[in-house]
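Hi everyone, thanks for making time for this.

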Amino acid sequence: MLTTTPRRELARPLAALFAALLASCTERDVPGTSETATTTDATTTDSPHTGTSHAEPTTDAPGTSSTSPSTTSVPGTSTTIDTNDPGECIYEDHVIVLTPEAYDAWLHGMGEVGTTGTTGTTGDTGTGTTSDSSTDTGTSTTGDTSTGTSTGDTGDTDTTGALEWSSELCNQICDALTSAEAWNIVSCDKTSVDADGTVTILCVEIVQNCDGRSHACITSRGTLAHADPVAAYLARAAHDEAASVYAFTTLAGELAAHGAPAELLARILAAAADELRHAEAVAGLVAARGGRCRPPQRRPIAARSLRELAIENASEGCVRETWAALLAAHQAEHAADPQLRAVMRGIAADEARHAELAWAIDAWLDTRVDADTRSEIAAARANMAAAVLASVAADSPANALVREAGVPGRARAMQLAAGLADALWAA
């Protein structure tokens, strides 16, 4: 069971711990095994949205129903995961309903007519629930309605002047008719066509990410829709690597203002230089797959207290960055794409050091805060660890990510996360 007991020193280098966890992992990741057979279609197809299915609760994977509390025991570990704990990934569903005339207008380049829509926000916890984004009451909201007329067929025809249905057209519709930011659209699908030709579209926007280390100065997200789920995954990774440059340089300035030792500050700035190399390398992988990357956006932030910095570092560094470093080590061993695997081998070694840096920052901050703050820090670390475990238990990556990018499938990821929790985050 996860506790709030601080763990101030690493018993061994994280690279050695990661190697031991990977070597002891017994779960298979071969697409088509029992790991993927029990999930819904939405979580096993090679869709750019590789998080939790947005299906109704009755179609969720076993152990992730929203109708009752559920736990999952991980083989070979002492960890039990509460799969109903809120994960960190949050998605917003935008449902668009097009009249036959409006749909035809979009196919002919004359969109934004005859539409209605609803939106809702869901956490990436496997619940399949949809709620109003402002009240979380479980009721959906009705979007703006516009009217217009047009004529023509409603099917995916290639008549004169008409476009064929595509993910690009879907994203254009979502961008134009919903509040979703274009860069944050992770999937867009035509979900149904009624007998009268009415078309329903589901657009999914990520509004809060769940991978890797973040910082209060970062305001953007790198997720974007792409027909190739690996390209979409790498585009987000490239953004996050570039954002980490800002995160580390800003953190160095904040800690310097609080009198952090020069050796610790030098390690933080070296990590920023590493992240710049990572961003360039991963952006190259994206370009090789015909994708594009979004540059990170940042904002100035007010001076923060040691308490605020310590709580953020406990969550973002000691938990999320450490988990991301273990994932990089897995990809370095298992990615089928040789170019991607080579890049990840270099990144994995650096990320293990960055995770160790987070724990070193944690140890220094521990000497500068009082007992009450230490309890808050430990609680923040434990809460984030529980959120990561729940998110892993709820997620089933696309088969292409498992095969080509070396991302661990659900069962293997659960075992790895639980092993990390037992080693670092639990009493």
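Let me start with the rule I'm using: a disulfide here is a pair of cysteine sulfur atoms within 2.5 Å. Please keep in mind that this is a predicted model. By that rule, the count comes to 1 disulfide.

So, which residues does the disulfide join? The partners are Cys 174 and Cys 203, with an S to S distance of 1.8 Å. For those of you who like torsions, the angle about the S-S bond is -70°, and the link of Cys 174 and Cys 203 is left-handed. Cys 174 sits in helix H5, residues 167-177, while Cys 203 belongs to strand E7, residues 199-208, so the pair ties together parts that are 29 residues apart in sequence.

Are Cys 174 and Cys 203 buried or exposed? Both of them are buried.

Two other cysteines deserve a mention. Cys 293 has 27% relative accessibility, and therefore counts as partly exposed. Cys 318 has 0% relative accessibility, so that residue counts as buried.

Now let me zoom out to the chain. The protein chain has 12 helices and 7 strands. Of its 427 residues, buried ones make up 52%. As for contacts, if we take those with a separation of 6 or more, 76% are between residues 24 or more positions apart. Finally, the accessible surface of the protein chain comes to about 17700 Å², and carbon and sulfur atoms account for 52% of that surface.

That's my tour, and I'm happy to take questions!

How values were computed
Residues numbered from 1 in each chain as written. Predicted model: local features only at pLDDT ≥ 70, side-chain atom pairs only at ≥ 80, totals over all residues. Heavy atoms only, no water. Helix = DSSP H or I, 4+ residues; strand = E, 2+ residues; numbered from the N terminus. Buried < 20%, exposed > 50% of the residue type's maximum accessible area, 1.4 Å probe, protein only. Contact = heavy atoms within 4.5 Å. Areas by Shrake-Rupley, 256 points an atom, 1.4 Å probe, with all protein chains shown as cover.
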